[in-house]
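Dear colleague,

Please find the structure below, handed over for your use. A short account of the findings follows it.

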Amino acid sequence: FFFQAEDGIRDIGVTGVQTCALPIFGITDPMAQIGILSVIGKESNYIPKSETSYSNTSPSRIRHLFGNRVSHLSDSEINQLKQDDKKFYNLIYSNTVGNGKNGTDDNDGYKYRGRGFNQLTGIGNYRKYGGLVGKDLVSNPNEVNNPRTAAQVAIMFFTKGKKSGFPQFKTKKEAAEYFADINAGGGVSSHRENAVKYSNKFDIA
């Protein structure tokens with residue numbers, strides 16, 4: 001299949017995952033590859049990186065993204081909180097995937113915020129997938145932004161280490177929605193919609 005590249009950097013990111021990481025992990029079905037790459041696209045635009053600041057994001061958008069995690073805050077409190085990235089992530093990701101319950105003290109939320117191709121989040125995931133790819137990601141969370149490590153982590157996350165047993169996808173949309181649900185931890189319409197948009201950048205040869 002072919003990717004409609006926006007620029008050389010993103011094309012390199014797609015090509016690297018497609019030709020190197022996916023075959024190594026035994027993912028050779030083109031539809032499954034497109035599904036995985038579509039989620040990577042909507043999460044990081046094919047550039048492994050740390051989760052960006054929400055300092056310029058509106059309270060309504062933050063409520064849409066994080067739901068109950070900010071439901072107890074007023075708009076003015078959200079506007080104040082979002083100006084400090086550490087405080088923001090420590091609250092948003094407290095008591096999440098192994099992070100400490102008191103996010104203002106333990107700093108887990110900020111330290112283990114989203115990174116890599118699929119925005120790996122939470123100390124529990126850094127520990128689990130670091131073990132699976134042979135890296136100490138708890139001590140060195142920024143290693144998830146190393147392209148090679150990012151690709152390994154993302155594919156292990158999507159496949160849970162399996163090389164087979166996936167559905168027989170009939171369309172790019174089916175594949176994108178399937179892997180979007182895995183990455184989001186459940187069916188969330190906005191995650192699916194954004195992944196499907198990226199799947200449309202791929203053309204089957």
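Predicted model: local features only at pLDDT ≥ 70, side-chain atom pairs only at ≥ 80, totals over all residues.

Residues are numbered from 1 along each chain as its sequence is written, and side-chain values use heavy atoms, with hydrogens and water left out.

The largest nonpolar core has 38 residues. Such a core is a set of buried Ala, Val, Leu, Ile, Met, Phe, Trp, Tyr and Cys residues joined through side-chain atoms within 4.5 Å; buried means under 20% relative accessible area, exposed over 50%, and partly exposed in between (1.4 Å probe, protein chains only). Two or more residues come from each of α2 (30-44), α8 (123-133), α9 (147-159), α10 (172-184) and α11 (189-199). Helices are DSSP runs (H or I, at least four residues), numbered from the N terminus. The most is given by α9, with 8 residues. A second, separate core of 11 residues includes Val70 and Leu73.

Helices α8 and α9 pack at about 105°, their axes 10 Å apart; axes are lines fitted to C-alpha atoms over the stretch in contact, and angles run from 0 to 180 degrees between N-to-C directions. The two helices are therefore roughly perpendicular (65 to 115 degrees).

Finally, Ala184, in helix α10, is partly exposed, with a relative accessible area of 33%.

Yours sincerely

Conventions. Parallel < 35°, antiparallel > 145°, perpendicular 65-115°, else oblique.
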